[in-house]
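Could you walk me through this protein model?

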Amino acid sequence: MSTSDHIVDITQENFHALVIEGSQQRPVLVDFWADWCQPCQMLMPILAKLAEEYAGGFLLAKVNSDQQQDLALQYGVRSLPTVLVFRDGEPVDQFMGVQPESTIRQMLDKHLPGPGSESRRAAREALEAGDAETALAHLEVARQANPEDEELKIDQAGALLMLGRVDEAEAVMKTVPVHLHQEDAGRRVDAQLRLARARGDLAAIPALEERLDGNPDDPEALHRVGAARILAGEHEAGLAMLMQLMKKHRTYGEDAGHKGLLAAFELLGARHPLVNDYRRKMMALMF
């Protein structure tokens, strides 16, 4: 048995009391492992460290899958390690395999407050309100409290882009681990960064708009003003300009219209009502 108050060994006999009933009071992280599983041995110190750091914010419940096969079967465990998060008697989140500490922290922060979580919440509220300077200040506090949380860099880059500090945002994103670029938040900021690069100097946009008045098919103006429109929240106008660019000038900027549309779709998200419509139009032009 573990000597920590925050880590327990689970059997069929105590599972209901410690996991099902216990998760009514606080999250329970259930780690299915085995002695022969090398990745399990690599993951255990990370989970144990977090359990001690969060000091009772969650309970780490260790299940030896060889000894407790019925529990493993009951919860569909097919590979080791598998970690389930229980809240209110039910599994609400999970991951398999060894994960970086930052990824596990990210999952934990969805279910309980952690170090710096209040500052992170305040930063995201500030971003939603359009106050990027305040967001950056809160993010600095969050990073000091939790320096290993790489996801905070994505929020920081988003705030820098909101302020037009594109070079700084790009430098921050270059330090973000590859796996976070593949997650939703990372993909959105990467897309925002591509559109900001396409837009270029914001001060030049009014002159480019005048050029479009004289020549609605001007490729540079369509590209840069279209990107600017999307970043400014004028989504339909921006998408229409990038679609026009793709239709009239496929060779411009190595198919910049197509690339811009893909970045816009990533930024807006698959559920945005404009994305399906413009994706169909884009596919029609391609085929």
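The report below starts with the whole chain and then turns to a few local features.

## About the model

This is a predicted model, in which local features need pLDDT of at least 70 and side-chain atom pairs count only at pLDDT 80 or more, while totals for chains, interfaces and linings use all residues. Residues are numbered from 1 along each chain as its sequence is written, and side-chain values use heavy atoms, with hydrogens and water left out.

## The overall picture

What is the radius of gyration of the protein? The value is 24 Å, whereas a compact globule of 287 residues would have one near 19 Å. This radius is taken over C-alpha atoms, and the globule rule is 2.2 Å times the number of residues to the power 0.38. Along the principal axes, the C-alpha atoms fill a box of roughly 80 × 45 × 30 Å.

## Inside and outside

Of the 287 residues, 48% count as buried. Buried means under 20% relative accessible area, exposed means over 50%, and partly exposed lies in between (1.4 Å probe, protein chains only). Among contacts (heavy atoms within 4.5 Å) with a separation of 6 or more, 63% are between residues 24 or more positions apart.

The accessible surface comes to about 14,400 Å², and carbon and sulfur atoms account for 51% of that. Such areas come from the Shrake-Rupley method with a 1.4 Å probe; for residues, only the protein chains shown count as cover.

Most residues other than glycine have a negative phi, and most peptide bonds are trans.

Where are they? Ala-55 sits in the loop between helix 2 (38-53) and strand 3 (59-64), and Glu-254 in the loop between helix 13 (235-248) and helix 14 (256-268). Ala-55 is exposed, because its relative accessible area is 53%; Glu-254 is exposed too, at 63%.

There is also a cis peptide bond, with omega about -10°, joining Leu-80 and Pro-81. Pro-81 belongs to the loop between helix 3 (69-74) and strand 4 (82-87).

Definitions and conventions. Helix = DSSP H or I, 4+ residues; strand = E, 2+ residues; numbered from the N terminus.
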